[in-house]
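Subject: Structure handover

Hi,

Here is the structure for you to look over. My notes follow below it.

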Amino acid sequence: MRMSGAFVVGLMSLLGSEASADLPIVQQAQTTWGGCGYFIQVEQDVDPIPYPQPLYRIVLRSTVVSADTCTLTPQRIELGTSKLEPGIAIAADERGLVTAHSYGTYVRTMGPDMWTKLLRWDPTTLATRRTEWIRVGNVPYPGAAGGPGSARVTRLTIFPKHVEVRGTRGGNFLYVDSDYTNPDRDYRFEETGTGFAVLFPDFFGVNQKPPYLYAY
């Protein structure tokens, strides 16, 4: 069920565009590991079509904090854009670097459609090693039309045996779509509560396992 929605994925080098380099930063989260610094940021832009409206650019940056232990070449990578204000999170340990960001748009007469994307990175090269998508939809009782929902990340935590993503939701059907061979996982729940949690066991391992999904 993987979809890109209104999300536009683009990778930019450290040089990037002069226009985006000067945009105001409205959100930022950061972490450090091995003398290297990593930042995920939300930059405020404007989409002029069909009329001026907010456009958010989600950016990952790496920097050298200590040249004695950090050997990376600083980079700036644009992860994509969102017409809704994103949620962002970042974490790192000796096993790798992980980011999560939410993105989406407003669907006329139906409401917000927002995904959360989870990415594992090589902390030295910033090459992606794993991708997961988390989405919430509205699935009504039989005979009624469904619609989009929203999954907005608020927290990302690396535990010894799993990686956990938490966030706020709007909708009653939570599912995860993976770029690995393990089956997608979904979870139906009643329209109560506003939170979700997804646990990815052995996230940095070779043999990927299906996630565990919770609503609260």
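**Sheet and two residues**

Strand β2 (residues 36-47) runs antiparallel to strand β3 (residues 53-64), and 12 bridges join them. Within this pair, I40 stands opposite L60 in β3. Strands here are DSSP runs of E, at least two residues long, numbered from the N terminus. Two strands pair if DSSP finds at least two bridges between them.

A caveat on the source: this is a predicted model, where local features need pLDDT of at least 70, side-chain atom pairs count only at pLDDT 80 or more, and totals for chains, interfaces and linings use all residues. Residues are numbered from 1 along each chain as its sequence is written, and side-chain values use heavy atoms, with hydrogens and water left out.

The open sheet has 4 strands in the order β1-β2-β3-β4, paired antiparallel. Its edge strands are β1 (25-33) and β4 (76-82), each pairing on one side only.

Q28 sits in strand β1. Q28 is partly exposed at 41% relative accessible area (buried is under 20%, exposed over 50%, partly exposed in between; 1.4 Å probe, protein chains only). Its C-alpha is 5.8 Å from that of I40, 12 residues apart along the chain. The Q28 side chain makes polar contacts with the side chains of Q30 (3.4 Å) and Q41 (2.5 Å). A polar contact is a pair of N or O atoms within 3.5 Å; within protein, one must be able to donate a hydrogen and the other to accept it, and residues adjacent in sequence count only if both atoms are side-chain atoms.

G137 lies in strand β8 (residues 128-138). G137 counts as buried, at 10% relative accessibility.

Best wishes
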